[in-house]
Amino acid sequence: MNNINITFIPFVIRITVYLVCFAATMYGLSSINYEKFLKGGKVTQAQVLYLLVALAIAKLAGDFLLSLAYKVL
């Protein structure tokens, strides 16, 4: 039982950090008017691109924050 708690807590912390970074990335990307960079009628492709960019930025930001936190601890 104790071994499960030792490995489960860092997992929950990592997932929480990534979700918070994803929410912050989506919030930040919503301020960009990206419609002028896209072709007309390509709504689905634009949404997939938006999601992939948000995931990539959130992953980078989450990795940075986690590496910073674990170096300090």
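Let's start with a term: a residue is called buried under 20% relative accessible area, exposed over 50%, and partly exposed in between, using a 1.4 Å probe and protein chains only. Ile57 is found in helix H2, helices being DSSP runs (H or I, at least four residues) numbered from the N terminus. The C-alpha atoms of Ile57 and Cys21 are separated by 8.2 Å, though the two are 36 residues apart along the chain.

A word on what you're looking at: this is a predicted model, in which local features need pLDDT of at least 70 and side-chain atom pairs count only at pLDDT 80 or more, while totals for chains, interfaces and linings use all residues. Residues are numbered from 1 along each chain as its sequence is written, and side-chain values use heavy atoms, with hydrogens and water left out.

Now for the surface. Phe37 sits in the loop between helix H1 (2–29) and helix H2 (43–72), and it counts as exposed because its relative accessible area is 65%.

Phe37 turns up again in the largest pocket, whose lining also includes Leu29, Ala46 and Tyr50. A pocket here is an open set of points on a 1 Å grid, where a 1.4 Å probe fits, with protein on both sides within 12 Å along at least five of seven lines; lining residues have an atom within 4 Å of a point. The volume of this one is about 150 Å³. Its lining has nine nonpolar residues, no polar and no charged ones, and H2 gives the most, with four residues. Ala46 lies in helix H2 and is buried, because its relative accessibility is 10%.

What about charges? Side chains of opposite charge can pair when their charged atoms come close. The count here comes to one salt bridge, meaning a side-chain nitrogen of Lys or Arg within 4 Å of a carboxyl oxygen of Asp or Glu. The partners are Asp63 and Lys59, with their closest N and O atoms 2.7 Å apart. Both lie in helix H2, four residues apart, about one turn of the helix. Asp63 is partly exposed at 31%, and so is Lys59 at 43%.

How values were computed: Helix = DSSP H or I, 4+ residues; strand = E, 2+ residues; numbered from the N terminus. Points joined across faces, edges and corners; volume = space filled by probe spheres on them. Nonpolar A, V, L, I, M, F, W, Y, C, P; charged D, E, K, R; others polar.
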